Amino acid sequence: MRDIRKVAVLGAGTMGARIAAHLVNASIPSLLLDIVPRELTPDEQAKGLTLKDAKVRNRFAQAGLDAALKSSPAAFFVPEAARMITIGNFEDHLSWVKDCQWIIEAVTEDAKVKRALFEKVQPLRGPGAILSTNTSGISVASLAAGFDDDFRRHFLGTHFFNPPRYMKLLELIPTAETLVEVVEAVTRFGDVVLGKGIVIAKDRPNFIANRIGTFVTLNVLRVMREDGYTLEEVDALTGPAMGLPKSATFRTLDLVGLDVLAHVVKNLSEALPEDERRELFVVPDFVARMLELKLLGEKTKQGFYKKVAGTGGKNGDESEILTLDLKTFEYRPRQKLNLPALEMARNIEDVRQRVSSLMASPDRAGEFYRKVLGDTFHYAASRIPEISDDILAVDDAMKWGFNWECGVFELWDVVGVGATAERWRNEKRPIPPLVEKLLASGKKRFYEESDGKRRVFDFAKGEYRVLEDQPGIILLPSLKARKREIKKNPGASLVDLGDGVVCLEFHSKMNTIGADTVQMMHAGLKALSEGFEAMVIGNQGANFCVGANLMLVLMAIQEGDWDEVKRAAQTFQNANMAVKYAPKPVVAAPFGMTLGGGVEICVHSARVRAAAETYMGLVEVAVGIIPAGGGTKEMLVRALDAAPRDEDADPFAFVKEVFRNIGMAKVSASAEDARKFGYLSPRDSISMNRDRLIADAKQLALDLVKLGYRPGKPREDIRVLGRAAFAKMKLGLHLMRRAEYITDFDAVVGTELARVLSGGEFTSPQLVSEQYLLELEREAFVSLCGQKKTVERMQHMLKKGKPLRN
């Protein structure tokens with residue numbers, strides 16, 4: 001496999017700079033080059049700079065890097081990663097590309113500009129260096145035409161989706177001349193190193209995801225106008241109810257920008273004269289009017305929606321979201337929905353069953369889905385084999401590029417392919433060849449699952465093909481389908497990963513921790529004593545774990561069952577200590593939201609293998625309690641261990657950081673950022689591709705076994721700081737209260753936290769045990785559970801999904 005060690009990104013605009021940012025997120029040193037300015041800015045003139053100064057000549061590259069550093073959401077895992085980017089310009093530094101194994105062109109979407117740059121790059125690229133264009137629609141083959149054979153064999157399209165850090169899809173568009181090993185190298189690098197989902201697309205306008213996605217958007221706008229749906233109704237119908245992101249249709253368009261939509265639509269209209277739905281690829285009249293009025297969305301602070309200042313709140317700063325009236329083009333308050341079928345369907349958790357139910361509904365919601373999804377099914381099926389030979393590629397592209405929960409064909413299977421085709425026949429609508437071939441073969445679905453194997457219909461062969469297990473990827477549902485589930489209760493399961501490794505999988509709602517979870521933790525540890533060599537704690541849900549089941553805690557508090565409150569905390573503490581000192585290695589594999597008890601499990605594990613996008617935080621103070629599953633204790637131990645041993649060092653500085661992080665419920669912005677909080681240690685590692693996380697964690701566990709892992713024994717040598725540290729933390733709380741940064745109750749919670757982190761109120765530093773700190777932690781937890789404000793915050797959290805802060 002080609003070894004890609006350094007990458008050059010040519011073009012420091014929004015995409016180029018953020019591609020470079022994600023490369024360094026993956027620890028790949030990168031160049032970021034752009035054009036040389038032709039004139040000075042007023043600021044440069046005032047500083048006496050000239051067009052020959054490096055600062056001026058690199059201005060555009062520097063501006064791109066600065067914008068990436070300031071972007072929201074953050075482009076970098078941690079800002080320090082930007083140091084791995086070297087900026088420069090095309091005139092002075094293009095020769096630097098000779099040391100790069102991959103050169104990514106990301107200049108403006110203009111074929112002449114791109115080809116002119118390639119003319120300069122061609123003689124400079126090193127032997128075998130890969131060159132790709134990050135285009136979203138220009139013919140890749142046309143860009144390569146006329147260049148030498150070696151250039152063309154190492155050239156392909158690479159379509160990153162914005163923002164590159166967060167959007168999983170990377171479409172690769174090889175030409176007929178691109179070497180197979182070049183495609184394989186970029187595929188492997190994109191998957192393992194950058195964490196991308198790779199889809200191979202044909203060299204057709206807008207490739208796969210944008211071709212289907214743009215059609216769906218324009219068709220939704222058509223149905224809305226023709227049938228009189230409101231903006232609010234459309235966004236309710238095309239958001240999570242349909243398995244699409246919360247931004248739905250119009251919030252998404254505001255984020256993307258209507259000018260961008262107009263540009264894409266214009267390009268598609270010109271490039272697709274033969275498309276059977278070409279009449280749809282025009283800018284709707286109301287969008288054209290919005291463009292005239294500069295109602296472009298987020299970039300002009302007004303589009304389909306507009307945020308305005310309200311009059312409520314402590315400082316009169318609560319905002320209100322207004323909706324654009326498409327008749328008057330004035331903003332109005334949001335309208336209430338009247339879609340009974342949609343309200344009823346919200347209780348159906350499985351998106352496939354939910355959409356199927358909505359399509360069968362006789363009301364306006366059902367009519368909307370029948371039209372929109374019927375057209376989507378027809379258009380997507382008609383694109384096979386034009387944009388891809390593989391329906392799996394289409395489904396993956398929509399899931400990874402547009403954040404759909406289900407692919408088009410996956411959803412269609414539930415709705416019913418045969419029923420849909422019959423309806424089209426009755427409507428005298430032509431049946432796409434893909435559907436004709438599927439039904440003619442006697443099959444009724446695009447996907448089939450049995451014996452833990454998934455099969456997909458192959459258009460070219462006219463039969464199912466098995467989707468083989470990919471090396472380095474373990475799918476827990478597949479293992480369970482193959483009877484590898486050892487034990488199960490409502491909250492968790494034990495799954496045999498093979499090679500002597502057992503997996504503790506959470507599957508409660510939102511993967512919250514309750515008695516079932518703790519019970520299965522002990523069952524997993526017992527399995528280690530009965531033959532397994534290591535354990536992985538992980539799952540493949542939406543998030544690793546959002547913390548304890550607050551409902552169970554609140555019920556015990558309201559019933560006045562204080563023994564149960566105390567017992568629950570002690571049981572979870574005991575389970576985590578058993579994990580920490582298990583005779584065989586336990587590896588936690590967190591990803592996504594990893595909060596409260598989820599963090600506590602991780603910090604007690606022998607090692608952590610975290611997904612790059614892991615957001616870790618001990619956030620219990622938000623509901624008026626402190627971490628009481630050993631989290632407060634463990635973070636204190638880590639802080640004191642990190643403090644230098646010399647006499648001049650001040651260990652309180654390290655304890656203060658823990659006090660601040662827990663006391664302010666801070667959550668890391670990435671797994672790399674979690675190292676700063678101490679939730680990940682220097683020995684813990686990160687997987688860029690979450691799909692590979694369980695397999696990576698399993699391998700780490702096996703490596704620990706080979707190295708002769710030994711857990712040590714419970715600590716009795718923890719030097720707590722006592723009353724002096726407690727006084728300093730209390731002073732900090734007092735000053736924050738005076739400045740009105742915190743409430744009176746926040747100060748109460750902070751005081752309990754401070755008492756644990758100081759080790760009690762010893763008059764001088766003392767050596768204590770982990771067990772002593774666990775008892776302090778537990779006492780503080782039970783005490784705070786007795787506070788009225790804690791109950792109020794828990795109730796608010798359960799009702800609204802966010803904490804009450806005053």
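Predicted model: local features only at pLDDT ≥ 70, side-chain atom pairs only at ≥ 80, totals over all residues.
**View 1. The whole chain.** The protein chain holds 34 helices and 25 strands; these are DSSP runs numbered from the N terminus, with helices being H or I of at least four residues and strands being E of at least two. Its radius of gyration is 29 Å, close to the 28 Å that the globule rule gives for 806 residues, so the chain is as compact as a globular protein of that length. (That radius is taken over C-alpha atoms, and the rule is 2.2 Å times the number of residues to the power 0.38.) Along its principal axes, the C-alpha trace spans about 80 × 70 × 65 Å.

View 2. Of the 806 residues, 54% count as buried. Buried means under 20% relative accessible area, exposed means over 50%, and partly exposed is in between (1.4 Å probe, protein chains only). The accessible surface comes to about 35,600 Å², and 52% of it belongs to carbon and sulfur atoms; areas come from the Shrake-Rupley method with a 1.4 Å probe, and for residues only the protein chains shown count as cover. As for contacts (heavy atoms within 4.5 Å), take those between residues at least 6 apart in sequence: 69% of them join residues at least 24 apart.

**View 3. Helix α26, under cover.** Helix α26 (residues 597-604) is mostly covered, with eight of its eight residues buried. Its buried residues include Glu600, Cys602 and His604.

View 4. The chain carries 111 positive and 107 negative side chains, and the centres of the two sets lie 1 Å apart. Lys and Arg count as positive and Asp and Glu as negative, leaving out His and the chain ends; each charge is placed at NZ of Lys, CZ of Arg, CG of Asp or CD of Glu. The structure holds 66 salt bridges, meaning a side-chain nitrogen of Lys or Arg within 4 Å of a carboxyl oxygen of Asp or Glu. One of them joins Lys371 to Asp227, with the closest N and O atoms 2.7 Å apart. Lys371 lies in helix α17 (residues 364-382) and Asp227 in helix α10 (residues 209-227), so this pair ties together parts that are 144 residues apart in sequence. Lys371 is partly exposed at 29% relative accessibility, and Asp227 is partly exposed at 28%.

**View 5. Glu233 and its partner Arg364.** Here Glu233 forms a salt bridge with Arg364, the closest N and O atoms being 2.7 Å apart. Glu233 lies in helix α11 (residues 231-237) and Arg364 in helix α17, so the pair ties together parts 131 residues apart in sequence. Glu233 is buried, with a relative accessible area of 9%, whereas Arg364 is partly exposed at 34%. Not counting residues up to four places away in sequence, Glu233 touches Gly228, Leu337, Leu339 and Arg364.

View 6. Asp499 and Lys698 form a salt bridge, their closest N and O atoms being 2.8 Å apart. This pair links distant parts of the chain, 199 residues apart: Asp499 is in the loop between β16 (492-498) and β17 (501-506), and Lys698 is in helix α30 (residues 693-706). Asp499 is exposed, at 59% relative accessible area, but Lys698 is buried at 11%. Elsewhere, salt bridges that share partners join Arg204, Arg211, Glu274, Asp275, Glu276, Arg383 and Glu386 into one network.

**View 7. Back to Lys443, then over to Glu672.** Leaving aside residues up to four places away in sequence, Lys443 touches Leu438, Phe457, Glu463 and Tyr464. Lys443 and Ile387 are 56 residues apart in sequence and 23 Å apart in space, C-alpha to C-alpha. Glu672 lies in helix α29 (residues 671-677) and is partly exposed at 29% relative accessibility. With residues up to four places away in sequence left out, Glu672 touches Phe77, Val78 and Ile686. The C-alpha atoms of Glu672 and Leu337 are separated by 42 Å, the two residues being 335 apart along the chain.

Technical notes: Residues numbered from 1 in each chain as written. Heavy atoms only, no water.
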